[in-house]
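Subject: Handover of a structure and notes on its features

Dear colleague,

Please find below the structure that I am handing over to you. My notes follow it, and I would be grateful if you read them with the model open.

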Amino acid sequence: MPETTGPVVLFSLPLAAAIVVFIRPRWSVPVTLGSGGILLATALWVVVAVLRQGPWRQDIGGWTAPLGIGWTVDGLSAALLLLNASVGLAGAVFHAARPAARTPVRDPRFFWPLWLFLWGGLNALFLAADLFNIYVALEFVSIASVGLIGLAGGSAQAAAWRYLLATLLGSTIYLLGVALLYGRYAALDVALLAESVEPELVTVVAAALMTLGLLLKAAVFPLHFWLPAAHGRAPPAVSAVLSAVVIAAAYYLLVRLWFGPFAPLLGPGVATLLGLLGAAAVLWGGLQALLQRHLKMLIAYSTVSQLGYGLLVFPLAAAGAVQLAWTGAVMLVVAHGLAKAALFLAAGAIVLRHGIGRLEALGGDQQGAVVAWVAFAIASASLVGLPPTGGFVGKWWLAQAALATGGYFWLAVLMLGTAFTAGYLWRALQAAMRPGWETEGGFQALSPALGLSALGLALGSAALGLAAPIAARLLDAGSGVVG
């Protein structure tokens, strides 16, 4: 496959499939799953191509920057493209296998088109090489995400409206920063901006606005007010992709910008501020997760906590441990994506099995939910950071960066956050061992595909640690590339 073909497939196939399934709803499941298999294979090919030949830039239609539209493929974008394909396919399998009567979706004919549009929008975001097309992709992602949440009906619609307002505000603030950069430098291409940006007032204001908008979209504490309800009340497959990939997309843009065009502004003050926001997210999100009594809400608050680890890259990199901090933080975000998607899918299967999501009601007979609980346990091990999982490797690299730079405060945050994670996930796992409540309709028989889709992602998160040398090589191919 030529190197130009992979990005084209990743961008165009899900959008074309979305149109097909909207016109022919009966084809939705086979078209989505078939497209998902092709997208996963293509994302794997892109990863192998980056490992073999390094990053590349692809101009579309023969136009070059600053007026042209281009795609960038490097280790960072390849890792996120593979994460998106893995979670997208597993979530599609889960949603196709669910008992529809127990998980009603309003206007189900819109689910699969929105799912595929979200998939395509995320791929476009990870490939885009200029700030305006990143904005367009962000809007694709936001609209599709809001629609998918709202399809659950009931209280999820209020959560969808809250998310819509938050994400529109974030997009508007981001766009204001983009306009300032264009007015000053007459360029939006990330690589060109990295060569021309100067640490002056206009650039500082633009960086502040764009960072604020992305922090709101990433639900970083204290801007996380919209996330728990949106992720906790959405259908399980939607919760999985929102927590694993949509949140990671905002983080991807933060590191892309601050290790690219805004690198001259990343002094100790800015880096420490971003690190403190991450530390607060780790601790506050972990504490709130400990207090939850509903399984999906526990996992939703865990997302607030886990993303905070990724922000520790900024103070550790500013202190001098750039490579260790970079690989550790991105490894953690990818491992978190696989593990958190596995948790939401496993939780969805468990709640369907028991007919209720309260922790105290999830015990008793686990026949039919054993695979889901195994997936939950493996994913939990990765989030806690038990060897040899991807979560362990990411935390180990971050801890090494903290020790190498004397960042003992950040190391303490890492350790305390890990203790919180172990505490709230153990609460969830303990629920399986308690006597259960018999629901009015009895236990629900489930398709094996529900648990297996979660198990596949959980095993992927664990295997990521075993593939740490390959992952490090891949991420090294993105740490010095800005566009």
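What volume does the largest cavity have? The largest cavity has a volume of about 90 Å³. Before the details, please note that this is a predicted model, in which local features need pLDDT of at least 70 and side-chain atom pairs count only at pLDDT 80 or more, while totals for chains, interfaces and linings use all residues. Residues are numbered from 1 along each chain as its sequence is written, and side-chain values use heavy atoms, with hydrogens and water left out.

Cavities

On a 1 Å grid over the protein atoms alone, a cavity is a set of points where a 1.4 Å probe fits but cannot get out, and lining residues have an atom within 4 Å of a point. Grid points are joined across faces, edges and corners, and a volume is the space filled by probe spheres set on the points. By this rule there are 8 cavities of 30 Å³ or more. The lining of the largest cavity consists of Leu125, Leu138, Val141, Ser142, Tyr163, Thr167, Lys217, Val246, Ala249 and Ala250. Two or more of the lining residues come from each of α5 (131–150), α6 (155–185) and α10; helices are DSSP runs (H or I, at least four residues) numbered from the N terminus. By class, this lining has 7 nonpolar, 2 polar and 1 charged residues (Ala, Val, Leu, Ile, Met, Phe, Trp, Tyr, Cys and Pro count as nonpolar, Asp, Glu, Lys and Arg as charged, and the others, Gly among them, as polar).

Helix packing

The axes of α14 (residues 322–354) and α15 (residues 370–384) come within 8 Å and cross at roughly 150° (axes are lines fitted to C-alpha atoms, for helices over the stretch in contact, and angles run from 0 to 180 degrees between N-to-C directions). That angle makes α14 roughly antiparallel to α15 (angles over 145 degrees count as roughly antiparallel, and those under 35 as roughly parallel). The crossing of α14 and α15 is left-handed (the near helix is turned anticlockwise from the far one by less than a right angle; clockwise would be right-handed). Among the α14 residues in this contact are His336, Leu343 and Ile350, and the α15 residues include Trp373, Phe376 and Leu383 (contact means heavy atoms within 4.5 Å). By class, the contact of α14 with α15 has 13 nonpolar, 3 polar and 1 charged residues.

Helix α14 also packs against α16, at an angle of about 155° and with the axes 8 Å apart. The two helices α14 and α16 are therefore roughly antiparallel to each other, and their crossing is left-handed.

What is the handedness of the crossing of α10 and α12? That crossing is right-handed. The axes of α10 (residues 236–258) and α12 (residues 295–311) come within 11 Å and cross at roughly 15°, and the pair is therefore roughly parallel.

Backbone in the loops

A cis peptide bond, with omega about 5°, joins Phe221 and Pro222, and Pro222 lies in the loop between α8 (201–217) and α9 (227–233). Another cis peptide bond joins Pro387 and Pro388, also with omega about 5°; Pro388 is in the loop between α15 and α16 (390–405). Ala186, a residue other than glycine, has a positive phi near 55°, and its place is in the loop between α6 and α7 (190–196).

Yours sincerely

How values were computed:
Parallel < 35°, antiparallel > 145°, perpendicular 65-115°, else oblique. 1 Å grid on protein atoms, 1.4 Å probe; cavity = no way out; pocket = protein on both sides within 12 Å on 5 of 7 lines; lining within 4 Å.
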